[in-house]
Amino acid sequence: MSLKSGTTVGSSKASVSSGEDVADPHTRTKIIYIVYLIAALDITWMFLQFSVTPYLAKKLGFDTLWFGYLQTMVGVTQLLGGPLFGRFADLFGARAALSLACAANIVFFLLLAIANHPVMLFIHKLPTVFMHVLPASQMVVADLSEPGRRADALAKLGLCFGIGMIAGSTMGGHLNTRYGETFAACFGAAGCAFSLLLVLKFIPTSTKTKNKSVFNVGEITRLMKFPGVTPTFLVKIIAGLPSGIFQVMFTIIALDFFKLQPQENGYLMAYFGIVQMVVQGGVMGRLTARYSESSLLLLSISISSLVGLAQAYMQTVLHLCVIVIPMMFSLSVFNVITDSMLTKSVPSSDTGTMLGMCASVQSLLRTVGPTAGGFLYVNYGISSFGLIQFVVNIAVFVYLLQRQR
């Protein structure tokens, strides 16, 4: 398959009160751990939704084509919103950005709860333009962590992702099976409201050293001119496209190819989360401390090519469970390393915008993924995803190897 100056945000017991407080190492650590909690909760609600929407869409008469259109809409909406949300966070601070994202999550789940018509299922996706809790969390962690430990700090957000994947998939499968889609959606809305309270209580107004005075979309393109940004960004898009298509199409694959029920799908996603937790929590820190980022990038792309080859011959859920281990490893290393490289390439005041652009890469994949993936799946079968991933990643690996030499 994301903030450093001082303004008062509450009492000393409740939250950070000034820029000097944010500069204190103990306070920085406290804020980072709270952000980890908020991120884990957000991923929990996101995967709870993944256990609701596909089955609700099927009840409302969606076929593979229309479900692809629904996924494409989310990709387009977040593609437009990602960079602007990142710039918003740079200008108005961590608390405003995370509050906006959590509030959008609440509206998203409430609209899902009342969705009883295909049109409503499309309408409920509109708040995704602001639903960027994970990029906003990455911004806070990137701003408050030391550059030398940034990759490890960002990797721990991946650990939160694994926790949320396990909790959300399991919880969503059970709630959907026992109480129905409406109750599960209302439960998600209540959970997002709790996340919003955590943001208002503990997150400082800003973690930036300074703010820009003008909201200018041109600032986004300006970042692409910094040394190393454009090549890394292109690698992130090109190498991530094949695996992104597989991730976007996984819901269809689970329903159509593996014939999984909601609860079974929840258990499978929980297994993915366990693998993610082991990789992010037990492996990433050791790797980033011992090896250079360029070496780890090459490693992740080479393993991703082999994963693609294995996917081409995948036939059963057991095969998938075996392939998931190197798949999660390569995805985790690839995403963490490219995000770390890109944030180090720009000034600290622009990390929010850069991470918003990184999030937009995923949105771009969700935009083209359903159409391309649907075409490949219908005409060439599931093996086509793996073969394309193998060829593309081999090509990127050779390019990076020659570029380093």
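Biologist: How are α7 and α15 oriented to each other: parallel, antiparallel, perpendicular or oblique?

Modeller: The model is predicted: local features need pLDDT of at least 70, side-chain atom pairs count only at pLDDT 80 or more, and totals for chains, interfaces and linings use all residues. Residues are numbered from 1 along each chain as its sequence is written, and side-chain values use heavy atoms, without hydrogens and water. Helices α7 (residues 133–144) and α15 (residues 351–380) pack at about 140 degrees, where angles run from 0 to 180 degrees between N-to-C directions of lines fitted to C-alpha atoms over the stretch in contact. Under 35 degrees counts as roughly parallel, over 145 as roughly antiparallel, 65 to 115 as roughly perpendicular and the rest as oblique, so α7 and α15 are oblique.

Biologist: Which residues of α15 meet α7?

Modeller: Contact means heavy atoms within 4.5 Å. From α7 come Pro-135, Gln-138, Met-139, Ala-142 and Asp-143. Their partners in α15 are Thr-351, Gly-352, Leu-355 and Ala-359.

Biologist: How are α11 and α16 oriented, parallel or antiparallel?

Modeller: The axes of α11 and α16 (residues 383–404) come within 10 Å. They cross at roughly 165 degrees. Therefore α11 and α16 are roughly antiparallel.

Biologist: How many nonpolar residues are in the contact of α11 with α16?

Modeller: Residues of α11 including Ile-238, Phe-246 and Met-249 meet residues of α16, among them Phe-385, Val-392 and Leu-400. Ala, Val, Leu, Ile, Met, Phe, Trp, Tyr, Cys and Pro count as nonpolar, Asp, Glu, Lys and Arg as charged, and the others, Gly among them, as polar. The contact has 3 polar and 1 charged residues, and the nonpolar ones number 15.

Biologist: Where does α11 bend?

Modeller: Helix α11 (residues 229–257) has 29 residues and reaches 39 Å from its first C-alpha to its last, close to the 42 Å expected at 1.5 Å a residue. That expected span is 1.5 Å times one less than the number of residues. A bend is the angle between axes fitted to the seven residues ending at a residue and the seven starting there. In α11 the bend is about 50 degrees, Pro-242 follows within four residues, and the site is Leu-241.

Biologist: Which way do α2 and α5 run, parallel or antiparallel?

Modeller: Helices α2 (residues 25–50) and α5 (residues 94–113) have axes within 12 Å. These axes cross at roughly 20 degrees. That makes α2 and α5 roughly parallel.

Methods
Helices (H or I, at least four residues) and strands (E, at least two) are DSSP runs, numbered from the N terminus.
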